[in-house]
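Please read the following report alongside the sequence and the coordinates. It moves from the overall fold to a set of annotated positions.

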Amino acid sequence: MKKVVKFGGSSLASAEQFKKVGEIIRQDSARRYVVPSAPGKRFSGDTKVTDMLYNCYAAAVKEKKFVDLLEQIHERYQEIIDGLNLDLSLDEEFHIIQENFSKKIGRDYAASRGEYLNGIIMAAYLGFEFIDAAQIIRFNDDGSFNDEVTNMLLSERLANMENAVIPGFYGAKEDGTVVTFSRGGSDVSGSLVALAVHADLYENWTDVSGFLIADPRIVKNPKSIETITYKELRELSYMGASVLHEDAIFPVRKAGIPINIRNTNAPQDKGTLIVEGTCRQPKYTITGIAGTDGFVSITIEKAMMNSEIGFCRKVLQVFEENNISIEHMPSGIDTMTIFVHKNEFEEKEQRILAGIHKAVNPDHIELESDLALIAVVGRGMRSTRGTAGRIFSALAHAHINVKMIDQGSSELNIIVGVRHDEFKNAIRALYEIFVLTQI
Ligand SMILES: Nc1ncnc2c1ncn2[C@@H]1O[C@H](COP(=O)(O)OP(=O)(O)O)[C@@H](O)[C@H]1O
Ligand SMILES: N[C@@H](CC(=O)OP(=O)(O)O)C(=O)O
């Protein structure tokens, strides 16, 4: 039995948390490969080390004083080292980091030091070998990720290794330039290691007892999901359930390795098992609810639009030419609506509107901003009649105006668009009808 264990920043924020992690690893000899994140928040309002590093590097780039900021980061690590009674000094490492910051070596390098240093501490604490991820996680010259070379390097390096600590979040190009994944990317590193060593299980340890039916910052004490399929999870993570990075799913899914989300602060809880397929019926009609805000809708109206061949293509081409991705596209007889991310769309707005006018000469274009999209996801929805009706009635009951509803063709999800200020209430109303009243 071989397990890869990834610990998130919340699990490694202090010496106290490190001790819990040590206990978890020592309890099961199958937990052979450890992927740590950088120290996260110790309390609400605290700053993650990754963010401290970004700020520190930004100061270095502007040629402002950054040494004090770097010293604060050093102190955070020193506190952990002291709390664990380790005979370890990071002085030399910080000296190198300071020199590299002065040389403005790169923002990704700066951020990656969070995981790199935590990995060194973790390896010393566990007595495992430390492997710098820059040697085995490979990015191409254009900055894209190289899965084939990474898998080869990782499997070769780990083949005869009983135990190892591989820091998450970063890798490097062939010339050694450090590159990070996007935020939360240690989950991806863990998944890559699991694939390379043919792990039986990828355990992802965090500060919640598994994937919860809804975001705990919105719904009070949401119930956790026992078993979820990769497909359902993909829908939920894409829509903002941030517990697992969406790119972490592909590598392990391909190899049929299940992921178990566990809680470092409650290791007795079973957490959530993420699997390819299951005969287990979910407890409720829905498996989960997730949402994100910050969308804009562009509604294009034109009489007889449906009979105009190529209409949609011409509109979509305008977005493509402006390099904007489209999230949803519900349509009526004489209207089509396109949902896009506000932050991508805003600065290109006028160019896109002019482009649409030129391409299809519409009767009218209407924009609405500050919209949120909510996904209600569940493999059980396919076999249950009336799910959409229940969504509508729950939202109507809560006096929430539904701007859009879109049922995915897989019948695995229903997406609802609401106004930003009604976003949280909408999620609560949906949780209540599907989970609390359990009808
Ligand atoms: N559906 C959900 N289930 C569980 N946690 C969620 C969900 N949606 C959002 N979260 C948030 O995700 C957090 C865990 O992810 P993250 O902050 O990346 O943890 P870590 O630092 O352990 O990697 C939880 O503390 C919780 O606030
Ligand atoms: N430390 C990085 C990468 C990461 O995955 O962290 P965490 O496991 O704490 O989400 C970040 O903050 O984005």
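Buried residues, meaning those under 20% relative accessible area, with over 50% counted as exposed and partly exposed in between (1.4 Å probe, protein chains only), make up 53% of the 439 residues in the protein. This is a predicted model, in which local features need pLDDT of at least 70 and side-chain atom pairs count only at pLDDT 80 or more, while totals for chains, interfaces and linings use all residues. Residues are numbered from 1 along each chain as its sequence is written, and side-chain values use heavy atoms, with hydrogens and water left out.

Along its principal axes the C-alpha trace spans about 75 × 50 × 40 Å. Among contacts (heavy atoms within 4.5 Å) between residues at least 6 apart in sequence, 74% join residues at least 24 apart.

The unreviewed UniProt entry places the feature "binding site" at Lys6, Phe7, Gly8, Gly9, Thr206, Asp207 and Arg217; these positions are spread over 212 residues of sequence and also in space, with up to 22.8 Å between C-alpha atoms. UniProt positions follow the numbering used here, feature names are shortened, and annotations may be inferred rather than shown by experiment.

Two of these positions are set out below with their relative accessible areas.

| Residue | Relative accessible area | State |
|---|---|---|
| Gly8 | 7% | buried |
| Gly9 | 12% | buried |

Leaving aside neighbours within four places in sequence, Gly8 is in contact with Ser37 and Trp205, and Gly9, with residues up to four places away likewise not counted, touches Ser37, Ala38, Pro39 and Gly40.

Technical notes
Chains lettered and ligands numbered in written order.
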